[in-house]
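Below are some notes for a student who is reading this structure for the first time. Please keep the sequence and the model side by side while going through the numbered points.

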Amino acid sequence: MSLLVDIAILVIVAVVFAYTVRHYRFYWDRTFGVQEKASQSFVGAYAPSVSIVCPMKNEENVAPRLLDSLASMDYPKDNGRYEVIAVDDNSVDKTSEIVDEYATKYPFVKAVHRSSSPILSKPAALNAGLTFANNEIVLFFDADYIPPRDCVKKLVAPFTDPLVAGVMGRVVPVNTPEALVCRVLELERAAGYQVDQQARHNLGLIPQYGGTVGGFRRAFLASQKGFDAYHLAEDTDITYRAFLSGWKICYVNAAECYEEVVSQIHRRGVQVRRWGIGHNYCMFDHWLRTLRSPLLAFWSKVDGVMLLGTYFMPFIQLAGWILGIYSYLFQPPFWSPLLFALFLTLAYNVVGNLALFSEIGSASLLDRRNRSVWLLPLMLQIVLYYVLIGSRSFIDSLSAHLTTRRRKRKGTEKFQESYLKERSP
Amino acid sequence: MMEYLVLLGVFAMMFFLSFVPGYLEYRLPRDPGPLHIDLSRTVEPRSEALHFRMSSESLGKSQEWTPVPPANMPQWTGGALTYQRELKGDGGSFKVLRIDQDLTIPAGTTIESAIIVQGNLVSEQDCSFREWVYVKGQCQIGRSNKLTSVASGSDMIIGEESEIFGFADSDGNVRIGEGCIVRGLVGSGGKITLEGSCEVKKLNGRVIIVAKSGG
C-alpha cells in the first residue's frame, strides 16, 4: 500500500512538474522571445467577405451595444461582403424585438429567430446562424462583448495564410471596478491571453479558439458540419478538429475585445464547472488522436495533450494533496517529507492552465499594470476553489462519458448541404 | 511550547502580510480598470498618444484642481490663471499645472511639473520640460527645447534642434524643425513636415512632406 501511494505521488509530482515547465516556457517566450504578429501587416489590405454570427439568449441589456459596435465596424460593407447574423435563441425578453429593429435599420444585419427548438444550447444557436451565413469567413461574438472598430480587420488578416482555419482574438474584462473578483479574474484573463495564447502561437503549438472574438473559414466549418450542438466546450472541440485535420489556428493579440466577467465567485464556479466538463469530454475524445496524428509536430502533440488535460489537473492536485498528507502522517518513507514539501511548492505555482503566477506577472508587465499584480496572492483562494470545482467536474464528466448520459456528436447537416450545394458546378 | 507558538505567529504574520499589498491596491486602486481599449481606434500606431490626449482632456475637466497660491506661482506663467493638483505615477507623485489661457514661456526656463495648457502654447529657445505637456490649442516649441512627450489639439511646430524623448502628437499639422530628435512616434491628423535633416523614430500622418535642408 505504502509503495503504491509513493508511486502515485511520484507520478503526480512528475505531471505537475511537466505543467510547471510548460508554463515557464510560455512565460519566458512571451516576456523575452520574438513575437509572432499573425499576419498583422495585412490589416486593412486584405478584406475577405465576412459573416458575423451573434447568439443571443435574453440579452436585451447588452444586445444593442454589440449590434451598434458591429454596425460601426471599420470594414467594407459593399456587395454583401459584411453581414451580421443576430440569432435570437428562444429569448423571452425584448431581444427578439431588438434584433428585428437592427435588421430593419441596417441592410447587412439578418435576424434569425429560434423558438421551440429541440436543442437548447449555444452551439445549436451557432449552427442555426451558420445556415444563414454566406461569406468566406465566419466570426463569432457573444452578446456581452464590445468589439472596437478595427477588430474584424485584425481578426481576418491571418486568413491570408491558406492553412489557417481559424483565429482567436484577445479578451479583456471591461467591468473590473465592479468587484474584487473581477479584478482577480482580469489577472487570470491577462495571463491566459497575453502570455499563454500568444506564446503557444509564437511556438507553433496549439493556440485555442475560445468560443467568441474569433472565427473560422466557412469551408472548414462546413467540412465539420458546424459545431457539436450537445457539447459544453464546442470551442475546444472545434480547435482540435482543426489541428487534427491539418489546419492551423492563429491567435491575434492585437485584436482586443472587451467582455463582462462574472462578479460573483459562485457564478464563476458554475462557469468553470461547465467548461471543465466540456473540456474533459474533449480530452476523452481527442487525446489519443492527438498523440497519433501524423499532421502534428512532436511538441504540438505534447502541448495538445497537456492542453486537453487542463481540467484534469485540479483532480490530480487534489489527489496529490490527499495522498501526500496520508503518506506523511501514516507511512512515511525517508523521502516522503521532502516530496510532500516539493509537491506543495509546485502545486502553489501551477494549477493546470489556470494562469501560472509568473504568467500573470509577465502579463501585468506587458500591459503596464504595475499595481494590479499586488492582487496576486488573492489568486491562491481562487486556485483552491478551482481545485474543488475542477475535481468535481472531472468526476462528473468521467461518469457521464462512461455511461449513456453523454450524447453523440450532432452537427448541422443543413449547413453542410447548403455549402456544398453552393459550391457544386 | 512557547517557541512553537512564536513560530506559528511569525508564519501567520508572514501569510497575512502577503495580502496587505493586494488589500491596499483594492482599497486605493492605482491601476483602475478596465485595461484601455480604444473602441474608436482604426489606426494602431497613434493609440498611445490618443489615449494620453483623452486622459489629459478628462483630467483637465475634473473637479479636483486647486488654484496655485500667488506666493507659489512660477514666474514663467506670467501671472496666468493657474491651477494645480498632484498625480501618482510609477516613480512617485508629481505635480500637474493647468493654465487656462494662452501661455508664452520665456527662454531658458526649466519646468518641473507636467502642464495642461487650455489655450495656445509658445515656448522660446532653450526651455526644458521635465514632465509631459498637453496643449489644447496650437503648440509652438522654440529652438533647442527638451521635452518628454507633447500632444496638442491643433497645429504643432517643433523648433530646430529640439529633442523629444517620447512622442509628439497633434490633431492638426506638425512641423519638425531641422536637427530635431524625436525618440518616439510623431503622429498627426493632418500632414507632417520634416524641415531638413532630423532624427525621428516613426511617423504617422495623412501626408508626410520632407523639405530640403535649409528650406
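1. Of the 425 residues in chain A, 51% count as buried, where a residue is buried if 20 or more other C-beta atoms lie within 10 Å of its own, exposed if 12 or fewer, and partly exposed in between, with C-beta atoms placed from the backbone. This is a predicted model, in which local features need pLDDT of at least 70 and side-chain atom pairs count only at pLDDT 80 or more, while totals for chains, interfaces and linings use all residues. Residues are numbered from 1 along each chain as its sequence is written, and chains are lettered from A and ligands numbered from 1 in the order in which they are written.

2. A compact globule of 425 residues would have a radius of gyration near 22 Å, and chain A, at 22 Å, agrees with that; the radius is taken over C-alpha atoms, and the globule rule is 2.2 Å times the number of residues to the power 0.38. Among the contacts of chain A with a separation of 6 or more, 84% are between residues 24 or more positions apart, a contact being a pair of residues whose C-beta atoms, placed from the backbone, lie within 7 Å.

3. Chain B, by its own count, has 3 helices and 20 strands. Its radius of gyration is 22 Å, well over the 17 Å that the globule rule gives for 215 residues, so chain B is more spread out than a compact globule. The C-alpha atoms of chain B fill a box of roughly 85 × 45 × 30 Å along the principal axes. Buried residues make up 28% of the 215 residues in chain B, and residues 24 or more positions apart account for 14% of its contacts with a separation of 6 or more.

4. Where the chains meet, 25 residues of chain A are in contact with 21 residues of chain B. On the chain A side, β6 (164-173), α6 (180-202) and β8 (248-259) each supply at least two of the residues that touch chain B. That side of chain A divides into 13 nonpolar, 3 polar and 9 charged residues, where Ala, Val, Leu, Ile, Met, Phe, Trp, Tyr, Cys and Pro count as nonpolar, Asp, Glu, Lys and Arg as charged, and the others, Gly among them, as polar.

5. Which angle do helix α9 (residues 265-292) and helix α14 (residues 379-402) of chain A make where they pack? The angle is about 40°, with the axes 8 Å apart; axes are lines fitted to C-alpha atoms, for helices over the stretch in contact, and angles run from 0 to 180 degrees between N-to-C directions. This makes α9(A) oblique to α14(A), since angles under 35 degrees count as roughly parallel, over 145 as roughly antiparallel, 65 to 115 as roughly perpendicular and the rest as oblique. Residues on the α9(A) side include A:Gly269, A:Val272 and A:Gly276, and those on the α14(A) side include A:Tyr385, A:Ile389 and A:Gly390. By class, this contact has 9 nonpolar, 7 polar and 3 charged residues.

6. Helix α9(A) also packs with helix α10 (residues 298-308) of chain A, at an angle of about 170° and with the axes 9 Å apart. The two helices are therefore roughly antiparallel to each other. A:Cys282, A:Met283, A:His286, A:Trp287, A:Thr290 and A:Leu291 in α9(A) meet A:Lys301, A:Gly304, A:Val305 and A:Leu308 in α10(A).

7. A:Asp237 lies in helix α8 (residues 234-244) of chain A and counts as buried, with 23 C-beta neighbours inside 10 Å. Leaving aside residues up to four places away in sequence, A:Asp237 touches A:Asp228, A:His231 and A:Cys282, and A:Cys282 is one of the α9(A) residues that meet α10(A).

8. A:Leu70, placed in helix α2 (residues 63-71) of chain A, is buried, with 26 other C-beta atoms within 10 Å. Not counting residues up to four places away in sequence, A:Leu70 touches A:Ile52, A:Val84 and A:Pro147. The C-alpha atoms of A:Leu70 and A:Phe141 are separated by 9.6 Å, although these residues are 71 residues apart along the chain.

Note on methods
Contact = placed C-beta atoms within 7 Å. Helix = DSSP H or I, 4+ residues; strand = E, 2+ residues; numbered from the N terminus.
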